[in-house]
Amino acid sequence: MTKLKKNVLNIAFLLLLFVLTLWLIFRDQDLGPIIETLQSVPAGYILIGLVLVVCYVCGESVIIKYLLHAVKIKAPLFNCIRYSFVGFFFSCITPSATGGQPAQIYYMKKQGIDIPTATIVLMLVTIEYKFVLVFIGLGLAAFGQGLVQTLTREAQFYLYLGLGLNVFCVIFMSFLVFLPDTAKYLITKGFLLLQKLHIMKNKNNRMERLEASMENYKRASVFLKENKLVIVNTTLITFVQRILLFLVTYVVYRSFGLSGLSAVTVTLLQAAISVSVDMLPLPGGMGISERLFLQIFSPIFGGTALTLSGMLMSRGISYYMLIIISGIVTCITHLTVTSKEE
């Protein structure tokens with residue numbers, strides 16, 4: 001299957017999931033009050049929300065530029081911004097966000113950044129992203145039990161499931177980075193064992209690709225040891241970046257004239273949703289994100305129409321509108337970025 005066909009199928013699946021999600025949520029609802037509520041929202045709040053999500057994507061651009069600068073590669077911030085929007089778009093249209101980094105690497109390679117360096121930089125971006133999410137999730141579980149206990153049982157289940165999956169992911173990636181030789185030995189032996197048991201075949205040069213992947217982690221280990229301050233700084237930027245996205249829900253909350261809860265509380269509740277859905281094999285956690293929003297924020301927003309309006313605005317700004325913006329930037333990037341060899 002060609003990349004174009006695969007991307008078309010992914011977009012079709014995304015649209016189908018979007019339509020199904022809307023149908024399940026609004027099938028028994030009176031749309032009149034919801035539309036009326038949304039029409040009453042001051043445009044300024046929507047603009048603030050859009051600025052926050054654009055800053056969120058651009059935050060990753062700053063991190064990419066910072067990491068590239070650490071390895072003596074000069075990349076204009078404008079190019080890094082394009083890489084980030086491309087990555088966000090393809091992450092949104094592929095299950096478990098698997099398509100983002102390959103697309104970023106493709107355009108970075110076209111602009112003269114070698115594949116090993118691009119891979120390591122984006123790998124570090126992913127590790128920091130996961131680490132920050134785990135840090136917030138563990139902080140919420142350890143020190144925010146008063147808030148966690150207000151959630152429904154289903155919401156608590158997804159929170160702990162998501163946290164557990166993310167913790168496992170961070171531990172596994174840390175193992176690969178900090179003990180690369182041991183990891184390479186164990187994973188290679190494990191792969192050979194699966195071959196002997198006829199559970200897995202060495203199709204499409206799997207062993208070679210596995211060994212190449214292990215080498216990338218080894219290079220990342222060297223980078224971490226040589227650039228500790230860079231890693232600390234980019235992790236702090238990642239933390240701010242994540243908070244900017246979570247703040248969108250607070251902006252929506254305030255846009256309805258509500259003021260009973262602090263920005264910290266609303267932001268942490270939105271963070272709980274992100275932790276819950278991050279590792280689920282759905283594009284952008286679509287479907288489950290909306291469900292959890294309605295469960296968690298119904299007592300906060302009050303009426304059904306207000307909660308549904310809040311969900312539409314929050315997800316609309318932080319996910320659906322950003323897909324559109326990222327899609328436009330991706331199309332422009334594809335049309336304007338040419339290989340340095342050409």
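## Starting point: handedness of a crossing

A helix crossing is called left-handed if the near helix is turned anticlockwise from the far one by less than a right angle, and right-handed if it is turned clockwise. With that in hand, we can look at how α11 meets α14: α11 passes α14 in a right-handed crossing. Please keep in mind throughout that this is a predicted model.

## The chain as a whole

The chain holds 14 helices and zero strands, and from the N terminus on its elements run α-α-α-α-α-α-α-α-α-α-α-α-α-α. Of its 342 residues, 47% are buried. Among contacts in the chain with a separation of 6 or more, 73% come from residues 24 or more positions apart.

## α11 against α14

Two packed helices are described by the angle between their axes and the distance between the axes. Helix α11 covers residues 228–255 and helix α14 residues 304–336; their axes come within 9 Å and cross at roughly 145°. On the α11 side, the contact is made by Leu 245, Val 248, Thr 249, Val 252 and Ser 255. Gly 310, Met 313, Ser 314, Ile 317 and Ser 318 make the contact from α14. Sorted by class, this contact of α11 with α14 has five nonpolar, five polar and no charged residues.

## α5 and its surroundings

Now to another helix pair. Helix α5 (residues 100–110) packs on helix α6 (residues 115–143) at an angle of about 140°, with the axes 9 Å apart. The two helices, α5 and α6, are therefore oblique to each other, and their crossing is right-handed. From α5 the contact draws on Gln 101, Gln 104, Ile 105, Met 108 and Lys 109, while α6 supplies Ile 115, Ala 118, Thr 119, Leu 122, Met 123 and Thr 126. By class, the contact of α5 with α6 has six nonpolar, four polar and one charged residues.

Which residues of α5 are buried? They are Gly 100, Ala 103, Gln 104, Ile 105, Tyr 107, Met 108 and Lys 110. These buried residues of α5 pack against α3, α4, α6 and α14. Just after α5, Gly 112 takes a positive phi of about 90°.

## Aromatic pairs

A search of the whole structure finds 14 aromatic pairs. One of them is formed by Tyr 56 and Phe 88, edge-to-face, at 6.5 Å centre to centre and with 85° between the planes. Tyr 56 belongs to helix α3 (residues 43–70) and Phe 88 to helix α4 (residues 77–93), so the pair ties together parts that are 32 residues apart in sequence. Both Tyr 56 and Phe 88 are buried.

## A positive phi in a loop

Most residues other than glycine have a negative phi. Lys 72 is not a glycine, yet it has a positive phi of about 65°. Where does Lys 72 sit? Lys 72 is found in the loop between α3 and α4. With a relative accessible area of 76%, Lys 72 is exposed.

## Ser 221 in α10

Our last stop is Ser 221, in helix α10 (residues 206–226). Its relative accessibility is 3%, so Ser 221 counts as buried. What does Ser 221 touch, leaving aside residues up to four places away in sequence? Its partners are Val 177, Phe 178 and Pro 180. Ser 221 and Pro 180 are 41 residues apart in sequence, and their C-alpha atoms are 7.3 Å apart in space.

Methods: Residues are numbered from 1 along each chain as its sequence is written. This is a predicted model: local features need pLDDT of at least 70, side-chain atom pairs count only at pLDDT 80 or more; totals for chains, interfaces and linings use all residues. Side-chain values use heavy atoms; hydrogens and water are left out. Axes are lines fitted to C-alpha atoms, for helices over the stretch in contact, and angles run from 0 to 180 degrees between N-to-C directions. Helices (H or I, at least four residues) and strands (E, at least two) are DSSP runs, numbered from the N terminus. Contact means heavy atoms within 4.5 Å. Ala, Val, Leu, Ile, Met, Phe, Trp, Tyr, Cys and Pro count as nonpolar, Asp, Glu, Lys and Arg as charged, and the others, Gly among them, as polar. Angles under 35 degrees count as roughly parallel, over 145 as roughly antiparallel, 65 to 115 as roughly perpendicular and the rest as oblique. Rings of Phe, Tyr and Trp (its six-membered ring) pair if their centres lie within 6.5 Å; planes under 30 degrees apart count as stacked, over 60 as edge-to-face and the rest as tilted. Buried means under 20% relative accessible area, exposed over 50%, partly exposed in between (1.4 Å probe, protein chains only).
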